[in-house]
Amino acid sequence: MKRIVILVSGPSRGSNMRAIIEACREGRIPDSEVVAVIGAREDAPALQHAHALGVPTAVVNPNEFPEPDMYGDALMWVLQKAQPDLICLAGYMRLLPKQIVQAYPLQILNIHPALLPLFGGKGMYGLKVHQAVIESGMKVTGCTVHFVDEQYDTGPIVLQRCIPVMDDDTPETLAARLLPVEHETYIEAVRLFVEGRLRLEGKRVKVVG
Ligand code: GRF
């Protein structure tokens, strides 16, 4: 069994998290289990959903540590206990501490609600992303699952899926139409990972087998 740990942020509603948990349980992601969900606040909606689904949860609150390194060490301690084969960021809105990125090379995935490398980077999250897409005039947008490196949204791209931008779209309608596509794309990326079918060649991730 492959062990998956999901990291969420304080306000995360956890729909990608739930999609991954359910896909593991239904065998759409084979031989895998979400063994823990780690969040920043006990009252986060995502943690409550995880708890209701019977998945163990842990809270590591970055605001409780005077130094970022100390938060990283605490998160590392919890992760080491969970022994993950794969870490999935799902609505984790901060930069992952460097020591964690270094400890789990090519074992951390994130989903971003745009076609990276467009519309990514610090501060680009939630409706701000969709607002920027609409203002740009682009006729397509989408989502990106990528490996996590030490910066925001710059790691090797695993999968992308597109949807059209309609003339009457608002950030809210675009986000709502993209969300189910995010779930499918994240599930597929996790499946390819656990099947051992992702190969990094330079900056490109190739799907083998
Ligand atoms: C998603 O749009 C994801 O792309 C982004 O944060 C949002 C999280 O939504 N990284 P949810 O908590 O999974 O519902």
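Asp 31 has its place in the loop between α1 and β2, and its phi is near 50°, a positive value in a residue other than glycine. The model described here is predicted. The points below take the backbone, the pockets, the cavity and the ligand in turn.

**Backbone details**

- The peptide bond that runs from Leu 116 to Pro 117 is cis, with omega near 10°, and Pro 117 is found in the loop between β5 and α5.
- Strand β8, made of residues 198–201, pairs in the antiparallel sense with strand β9, made of residues 204–207, and four bridges join the two.
- Within this pairing, Leu 198 has Val 207 of β9 as its bridge partner.
- Two residues lie between the strands in the hairpin of β8 and β9, where Gly 202 takes a positive phi near 65°.

**The largest pocket**

- The volume of the largest pocket is about 760 Å³, and of the 36 residues that line this pocket, Gly 91, Met 93, Pro 113, Tyr 125 and Gly 126 are the closest to its centre.
- Two or more residues of the lining come from each of α1 (15–25), β5 (108–112), α5 (127–136) and α6 (171–194), and α6 gives the most, with four residues.
- By class, the lining of the largest pocket divides into 17 nonpolar, 13 polar and six charged residues.

**The second largest pocket**

- The second largest pocket holds about 170 Å³ of space, and the closest to its centre, of the 13 residues that line it, are Ser 9, Gly 10, Ala 40, Pro 62 and Arg 94.
- Seven nonpolar, four polar and two charged residues make up the lining of the second largest pocket.

**The cavity**

- Rolling a probe the size of a water molecule over the atoms shows where empty space is left.
- The structure holds one cavity of 30 Å³ or more, and about 50 Å³ of space lies in the largest cavity.
- The residues that line the largest cavity are Leu 7, Val 8, Ile 38, Gly 39, Ala 40, Val 60, Tyr 71, Leu 75 and Tyr 92, and the elements that give two or more residues to this lining are β2 (32–39) and α3 (68–82).
- The lining of the largest cavity has eight nonpolar residues, one polar residue and no charged residue.
- Ala 40 is named both in the lining of the largest cavity and among the residues closest to the centre of the second largest pocket.

**The ligand and its contacts**

- Around the ligand stand Ser 12, Arg 13, Gly 14, Ser 15, Asn 16, Gly 91, Met 93, Ile 111, His 112, Pro 113 and Glu 182.
- Among these surroundings, Gly 91, Met 93 and Pro 113 are also listed with the residues closest to the centre of the largest pocket.
- An N or O atom in the side chain of Ser 12 is 3.0 Å from an oxygen atom of the ligand, while for Gly 14 a backbone N or O atom lies 2.8 Å from an oxygen atom of the ligand.
- A polar backbone atom of Ile 111 is 2.8 Å from a nitrogen atom of the ligand, and the protein covers 90% of the 360 Å² of accessible area that the ligand has on its own.

Conventions: Residues numbered from 1 in each chain as written. Predicted model: local features only at pLDDT ≥ 70, side-chain atom pairs only at ≥ 80, totals over all residues. Heavy atoms only, no water. Pairing = 2+ DSSP bridges. 1 Å grid on protein atoms, 1.4 Å probe; cavity = no way out; pocket = protein on both sides within 12 Å on 5 of 7 lines; lining within 4 Å. Points joined across faces, edges and corners; volume = space filled by probe spheres on them. Nonpolar A, V, L, I, M, F, W, Y, C, P; charged D, E, K, R; others polar. Near = heavy atom within 4 Å. Polar contact = N/O pair within 3.5 Å; in protein donor to acceptor, adjacent residues only side chain to side chain. Areas by Shrake-Rupley, 256 points an atom, 1.4 Å probe, with all protein chains shown as cover.
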